[in-house]
Amino acid sequence: MKTAIITGITGQDGAYLSKFLLEKNYRVIGITRNLQSGNLNGLNFLEVMNDVELVEANVFDLSNIIRLLEKYKPDEFYNLAAQSSVGLSFEQPIGTLEFNIISVANIFEAVRIVNKDIRIYQSSSGEMFGNVSKELLPIDENFLIHPASPYAISKATTHWISVNYREAYSLFISSGILFNHESVLRRQNFVTKKIIASAVKIKGNELDILKVGNTSIMRDWGYAPEYIKAMWKMLNVPKPSDYIICTGQANTLQDFIEKVFIKLKLDHVKHVKFDKTLFRPVELEVIYGNPQKAKSELGWDYSMTFDDLINKLIEDELKYQEWWNKKRFV
Ligand code: NAP
């Protein structure tokens with residue numbers, strides 16, 4: 001039985017990755033910053049809460065990580081913990097840079113000290129490429145990194161720390177450059193979750209208006225439970241590397257909204273209002289990548305269309321709200 005440590009287990013990817021690894025018969029150790037107040041909804045909704053071993057730890061404390069590695073002797077380490085919101089990073093730039101960068105350096109250093117055979121997955125992000133001219137798209141692994149938010153700067157920095165630890169200390173570190181991937185477990189402050197959860201509430205007469213910011217932006221959106229499979233694949237090939245994980249296609253936020261509202265038989269003109277305060281200081285206009293390397297080297301296979309994604313997100317949201325309502329009244 002292999003052992004995996006996952007930081008950020010309470011987040012979207014952490015919950016789906018736990019389920020996936022448990023199905024592969026891994027022992028899953030999940031790091032959380034606070035066992036008492038952690039958000040365990042994702043793990044409970046996916047019914048894996050009783051099968052993962054949650055451990056409270058502080059990734060700012062190098063000695064704490066060293067002790068964890070010595071105690072659990074992991075084969076694989078998935079580093080998913082991060083302040084992951086671009087919007088929030090403009091409000092909290094120092095906190096975002098501090099946590100997202102130092103935690104990664106600590107983890108790599110601890111692995112270098114304890115056992116260099118531990119394989120590490122580092123969550124990088126398509127955001128680190130910044131505002132790219134349309135004619136240069138799609139983005140591949142060798143594209144110029146030019147981050148346009150504090151979040152993106154933190155991810156660009158840790159991407160290069162990963163490359164450096166791989167080259168300088170021969171650690172097995174793969175950097176997954178994931179583009180936006182969505183699911184029902186996205187936090188409420190992410191736009192896709194907000195749109196779908198609000199639309200379902202509007203349908204149920206619990207809400208009247210959805211407020212949105214800039215809807216002309218174009219993003220390469222995929223389905224999170226499919227993306228986490230690529231993380232595992234990256235650690236189960238002979239050599240570490242960097243991989244873009246995306247669909248290869250971009251759609252506007254306006255398209256996203258309209259498709260959700262049409263699917264739920266709602267009038268988006270009546271229920272969706274623009275709110276200037278939701279615009280960001282710097283906004284990426286359009287971004288999409290090229291997943292060819294992951295497809296050919298990892299055999300990662302993603303076949304969902306944009307419509308499949310929207311249908312799945314709505315279906316999952318309905319199940320989630322039903323589960324949540326039952327849980328609330330028990
Ligand atoms: P998420 O749902 O926001 O989860 C983030 C996790 O990090 C949570 O478990 C959270 O713990 C933990 N965390 C945040 N701030 C922390 C802090 N200061 N100290 C300790 N733990 C902290 O993110 P996700 O969507 O699963 O993404 C996973 C990783 O992939 C992140 O590194 C993200 O930046 C990256 N990524 C995501 C996307 C995407 O589209 N989802 C795209 C590219 C890259 P709490 O529950 O305690 O808050």
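Select strand 5 first: with 3 residues, strand 5 gives the largest share of the shell around the ligand. Helices (H or I, at least four residues) and strands (E, at least two) are DSSP runs, numbered from the N terminus. This is a predicted model, where local features need pLDDT of at least 70 and side-chain atom pairs count only at pLDDT 80 or more, while totals for chains, interfaces and linings use all residues. Residues are numbered from 1 along each chain as its sequence is written, and side-chain values use heavy atoms, leaving out hydrogens and water.

The shell divides into 7 nonpolar, 11 polar and 5 charged residues; here Ala, Val, Leu, Ile, Met, Phe, Trp, Tyr, Cys and Pro count as nonpolar, Asp, Glu, Lys and Arg as charged, and the others, Gly among them, as polar. Of these 23 residues, T10, R33, S84, Y151 and K155 come nearest to the ligand.

Next, zoom in on T10: an N or O atom of the T10 side chain is 2.5 Å from a ligand oxygen atom. At R33, a side-chain N or O atom is 2.7 Å from an oxygen atom of the ligand.

Finally, select L21, Y78, F256, V260 and F261. Of the 77 residues in the largest nonpolar core, these touch the most other members. Such a core is a set of buried (under 20% relative accessible area, 1.4 Å probe, protein chains only) Ala, Val, Leu, Ile, Met, Phe, Trp, Tyr and Cys residues joined through side-chain atoms within 4.5 Å. Helix 8 (residues 224–235) gives the most to this core, 7 residues.

Key: Near = heavy atom within 4 Å. Polar contact = N/O pair within 3.5 Å; in protein donor to acceptor, adjacent residues only side chain to side chain. Buried < 20%, exposed > 50% of the residue type's maximum accessible area, 1.4 Å probe, protein only.
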